[in-house]
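Please keep the sequence and the coordinates at hand while reading.

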Amino acid sequence: MKITRFCWGVELSRAVKYLGLYGLVMSVIGVIGAVLLFALPSILGLHQDADPNLLGGLYGGAVFFLLINIGWFIFSHILFERNRNNDIEGVKTMIKIGSYIIVSLQPIYFAILLIIGLGMGIVGVIVIAIGVVFLIFASLLLHGIRTNSQGKVKIWIIVQFVFFGLALFASIPGLGVRYGLLEMIILCLSFMYFKGMVIVHYNIMLENDRTMNMEIADGMNKETSMDTTMKTKHREFSNPMSDNPPPYAAVV
């Protein structure tokens, strides 16, 4: 199977291999970061002078970040192994689960933006406006995946490409926000992973619809062929009596 929409004919196995490897690498980095965050108060010697609430926040954030990345590692490992074992149905299931996770997290993130924007004046209004726009499209994607609506998923993908293009355009020196090389690499890789997961799922939806339509068409062709065969056999073996039988003399 090829990812023909938005991926220029990349094979499914190749795209899934990238998703699995990226998830494995980034989750390992995330686990290391969480461990360092957990050890940060000890490294800096903050146990005696630091605010207990601050320490609690650091430890709580570290544990939460650690659990998230452990779950990400497990998911990526299962996805990578199923792809390596050519378990197509298993790969499709994991891609669908990954898409649901991404879709479910987006509304939460943009809802947080709305809350943060409250009470921030003009900047808050801008943050709220951005959060509302993204929340609308995130909800559209969630509804599209849940109802298997390819059109809604496609709209979300196109909008993400537009926003990604604007982010790249803004990174050009002298035109606004300037990203370092590392930030640009992370931006591109993150886009390829999180949006790529949904793009792969979108292509799987299209492939499933094509397969179902082909099966329905084959079933209808078989039924038509069987009906034709039965009618032919019926005409061959049927011998209805004539309404005007020949005279007895002609028969004798």
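Does Ala 34 count as buried or exposed? In this predicted model, Ala 34 counts as buried because its relative accessibility is 2%, and the cut-off for that class is under 20% relative accessible area. Ala 34 lies in helix H1, and once residues up to four places away in sequence are set aside, the residues that Ala 34 touches are Ala 62, Phe 65 and Leu 66. A further distance concerns Phe 64, whose C-alpha lies 8.4 Å from that of Ala 34, although 30 residues separate the two in sequence.

**Overall architecture**

The protein chain has 7 helices and 2 strands, and read from the N terminus on, the order of its elements is β-β-α-α-α-α-α-α-α. Of its 252 residues, 28% count as buried, while the chain exposes about 16,500 Å², of which carbon and sulfur atoms supply 70%. Among contacts with a separation of 6 or more, 65% are accounted for by residues 24 or more positions apart.

In soluble globular proteins, nonpolar side chains tend to be buried together. Here the largest nonpolar core holds 15 residues, and those that touch the most other members are Leu 19, Leu 79, Ile 95, Met 197 and Val 200. Two or more residues of this core come from each of H1, H2, helix H3 (88-117) and helix H6 (181-237), and the largest share, 5 residues, is given by H1. Leu 19 illustrates the packing: leaving out residues up to four places away in sequence, Leu 19 touches Leu 79, Ile 95, Met 192, Tyr 193, Gly 196, Met 197 and Val 200. Apart from this core lies another, of 11 residues, including Ile 145, Ile 157, Val 198 and Ile 199.

His 201 is placed in helix H6, and it counts as buried because its relative accessibility is 6%. Beyond residues up to four places away in sequence, His 201 touches Ile 95, Lys 96, Ser 99 and Ile 145. Of these contacts, Ile 95 is one of the residues that touch the most other members of the largest nonpolar core, whereas Ile 145 is among the residues of the other core.

**Aromatic pairs**

A pair of aromatic rings is described by the distance of the centres and the angle of the planes. The structure holds 9 aromatic pairs, and the table gives two of them.

| Pair | Centre to centre | Angle between planes | Geometry |
|---|---|---|---|
| Trp 72 and Tyr 193 | 5.6 Å | 55° | tilted |
| Phe 161 and Phe 191 | 5.3 Å | 70° | edge-to-face |

Tyr 193 is buried, with a relative accessible area of 3%, and ring pairs join Tyr 193 and Trp 72 with Tyr 18, Tyr 22 and Phe 194 into a cluster.

Phe 161 lies in helix H5 (residues 150-170) and Phe 191 in helix H6, so their pair ties together parts that are 30 residues apart in sequence.

**Surface patch and salt bridge**

Which residues form the nonpolar patch on the surface? The patch consists of Val 28, Ile 32, Leu 36, Phe 38, Val 63, Leu 67, Ile 70, Phe 73, Ile 74 and Ile 78, and together they have about 860 Å² of accessible area. The elements giving two or more residues to the patch are helix H1 (12-44) and helix H2 (52-84), and H2 gives the most, with 6 residues. Leu 36, one of the patch residues, lies in helix H1.

Side chains of opposite charge can pair when their charged atoms come close. The structure holds 1 salt bridge, formed by Arg 84 with Glu 81, whose closest N and O atoms are 2.8 Å apart. Arg 84 and Glu 81 are 3 residues apart in helix H2, so they are separated by about one helical turn. Arg 84 counts as exposed because its relative accessibility is 53%.

Definitions and conventions. Residues numbered from 1 in each chain as written. Predicted model: local features only at pLDDT ≥ 70, side-chain atom pairs only at ≥ 80, totals over all residues. Heavy atoms only, no water. Patch = residues over 30% accessible without salt bridge, like charges linked within 9 Å, V, L, I, M, F, W, Y side chains within 5 Å. Areas by Shrake-Rupley, 256 points an atom, 1.4 Å probe, with all protein chains shown as cover. Salt bridge = Lys/Arg side-chain N within 4 Å of Asp/Glu carboxyl O. Helix = DSSP H or I, 4+ residues; strand = E, 2+ residues; numbered from the N terminus. Core = buried A, V, L, I, M, F, W, Y, C linked by side-chain atoms within 4.5 Å. Buried < 20%, exposed > 50% of the residue type's maximum accessible area, 1.4 Å probe, protein only. Contact = heavy atoms within 4.5 Å. Phe/Tyr/Trp six-rings, centres within 6.5 Å; stacked < 30°, edge-to-face > 60°.
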